Amino acid sequence: MAPINTDKKLSFREFPPVSREMWDKVIEKDLKGADYKTELRWNPDNDLEVLPFYRDADHPAAENRPVPGIVSASWEIRQRITSTDLDEANRAALTALEYGATGLYFDLPENTLRSVADLESLFEGIILDIIGVHFGPAISTPALFNLLLSYFDEKGVRPEDLDLSLDFDPISASMISGISGNLTDMSDQMLTTNLFRTLAVNAQYYGNAGASIPDQIALCLAAGNEFMGLSDEPEALASRIHFNLCAGSLYFPEIAKLRSLRILWKQVLDEYQEGLGDKYPAYIHSETASWNKFSVDPHNNMLRSTTEAMSAILGSSDAFTADRYDLGYQEESPFADRVARNIQILLQEESHLDAVQDPAAGSYYIEELTAQISEKAWRRFQEIESHGGMVAAIRKGIVQGWINEARRLKTASFKKEESIRVGVNKYPPEDAKPEPYEGLPLPGAGSEGTKVDTIKLLHLDNFSSEVLK
């Protein structure tokens, strides 16, 4: 056998180029004369429309554009901890870290942590400077911020050296409670001191409520821009903001969604200060969506969570949380927690998704989706700003109207079986007895301090006909 010449460079010049016209003829023949641009056009989301394939010359936006802020192929594997007993929460955290998690997400009720002693119980045996530590929306308050500072001061720990964040988002909290929140309900230190990420855009609520993909990005931009207006120190604020999104079932659009957010958030920050978007690129944490998980044939939820994790990771999430496949209708169990954690470990250790930085770059299909999402999201963002910003648009009911309409279209699509959920509205188990499940409330707009009518989140856990009436 002749030795392989490794010095010879790979070349495809021996293959003749294939024009777009030649491709079109082949496809038209396979479709027996039908126009693929009509027959195979896909509308994956309310505002998106894509063809089955693209080439480099199809559209100017299909070129390989650099996506800012993708600095590593690896990501933080977060485990959600929900136990209200601090000793149990600590044991769950230690178990998660022992078996592969690299970040902890303490999603605890408000006032669970009231003293430095409580933090000592929660953090017992945890080496804080080698993992990520994060707190969910309910517990992320100015009181917890001050408590953490006291704890770190007592322990001689520099919080700026830690990977630490609070999901403090008074905008989404106002929508959930139905009572207008106070954006200035925090100290100047919480806003501007370079300690850790304190301001969250909790856009997972909008995604789970049914918002379209472009609208999710537009709402991220609008909420982030609202935060940027809280101080005249844009650099300090830019370093405090982070984004939380849910990853849905639309695999390629979800990849493009996060790329779009990175591109547009840089554009927003650069308006405040040149180069600010490069210095503080979007920090993105994604989690599995809750609206598309079902108690009927629940093991399919594992597959849904896996594809959601893949799209979020390939789309450049800095961190990801896979929730239990039976979240919402079963008590927490070691098995369900292990499955949630292992989804990411398998993607990292066996699929090696942490080996290639920005693997979606250069895909004409994903670049086209990114361009469409970016264009539509930016127009929505400008519309919000024309109404006075995110808070003003919520008070006018504009944001809720968008979410309502998107949810209505999505629900109708499931009802007509245009959108399929195997085991739910297609091939359900014979013994399935679905019961209506309304999910969490998402209040509409109202005056200061006034409880208002709710907008039901799009939870289709059982997908019975009662849910869709």
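In which crossing, left-handed or right-handed, does helix 11 pass helix 15? I started my notebook with that one, working on a predicted model.

**Entry 1: helix 11 and helix 15**

I found that helix 11 passes helix 15 in a right-handed crossing. Helix 11 covers residues 251–272 and helix 15 covers residues 364–386.

Next I listed who meets whom. From helix 11 the contact takes Phe252, Pro253, Ile255, Ala256, Lys257, Arg259, Ser260, Ile263, Leu264, Gln267 and Val268. Helix 15 answers with Tyr365, Ile366, Glu367, Leu369, Thr370, Ile373, Ser374, Ala377, Trp378 and Phe381. Sorted by class, this contact of helix 11 with helix 15 holds 14 nonpolar, 4 polar and 3 charged residues.

**Entry 2: helix 11 and helix 13**

I then turned to helix 13, residues 300–314. Helix 11 and helix 13 pack with axes 7 Å apart, at an angle of about 35 degrees. Their crossing is right-handed. On the helix 11 side I wrote down Tyr251, Glu254, Ile255 and Leu258; on the helix 13 side, Thr307, Met310, Ser311, Ala312 and Leu314. The class count for helix 11 with helix 13 is 6 nonpolar, 2 polar and 1 charged residues.

**Entry 3: helix 9 and helix 11**

How far apart are the axes of helix 9 and helix 11? I read 10 Å, with an angle of about 30 degrees. That angle is under 35 degrees, and therefore helix 9 and helix 11 are roughly parallel to each other. Helix 9 passes helix 11 in a right-handed crossing.

Helix 9 brings Ile213, Gln216, Ile217, Cys220, Leu221, Gly224, Asn225 and Met228 to the contact. Residues of helix 11 in this contact include Pro253, Lys257, Ser260, Leu264, Trp265 and Tyr272. I noted 12 nonpolar, 4 polar and 2 charged residues for helix 9 with helix 11.

**Entry 4: the barrel**

Eight of them form a closed barrel in the order 1-2-3-4-5-6-7-8, with parallel pairing. On average, neighbouring strands of this sheet are turned by 25 degrees against each other, direction ignored.

Which strands does helix 9 touch as it packs on the sheet? I found strand 4 (163–168), strand 5 (197–202) and strand 6 (241–247). The direction of helix 9, residues 213–228, makes about 160 degrees with that of strand 6.

I also checked one pairing in detail. Strand 7 (residues 284–288) and strand 8 (residues 319–321) pair in the parallel sense over 3 bridges. Ser286 has Phe320 in strand 8 as its bridge partner.

**Entry 5: aromatic pairs**

My search of the whole structure turned up 13 aromatic pairs. I looked at Tyr54 and Tyr365: their ring centres are 6.2 Å apart and their planes stand at 45 degrees, so I logged the pair as tilted. This pair links distant parts of the chain, 311 residues apart. Tyr54 sits in the loop between helix 2 (36–39) and strand 1 (76–81), while Tyr365 belongs to helix 15. Tyr365 was already in my notes, listed in the contact with helix 11.

Key. Residues numbered from 1 in each chain as written. Predicted model: local features only at pLDDT ≥ 70, side-chain atom pairs only at ≥ 80, totals over all residues. Heavy atoms only, no water. Axes fitted to C-alpha atoms, helices over the stretch in contact; angles between N-to-C directions. Helix = DSSP H or I, 4+ residues; strand = E, 2+ residues; numbered from the N terminus. Left-handed = near helix turned anticlockwise from the far one by under 90°. Contact = heavy atoms within 4.5 Å. Nonpolar A, V, L, I, M, F, W, Y, C, P; charged D, E, K, R; others polar. Pairing = 2+ DSSP bridges. Phe/Tyr/Trp six-rings, centres within 6.5 Å; stacked < 30°, edge-to-face > 60°. Parallel < 35°, antiparallel > 145°, perpendicular 65-115°, else oblique.
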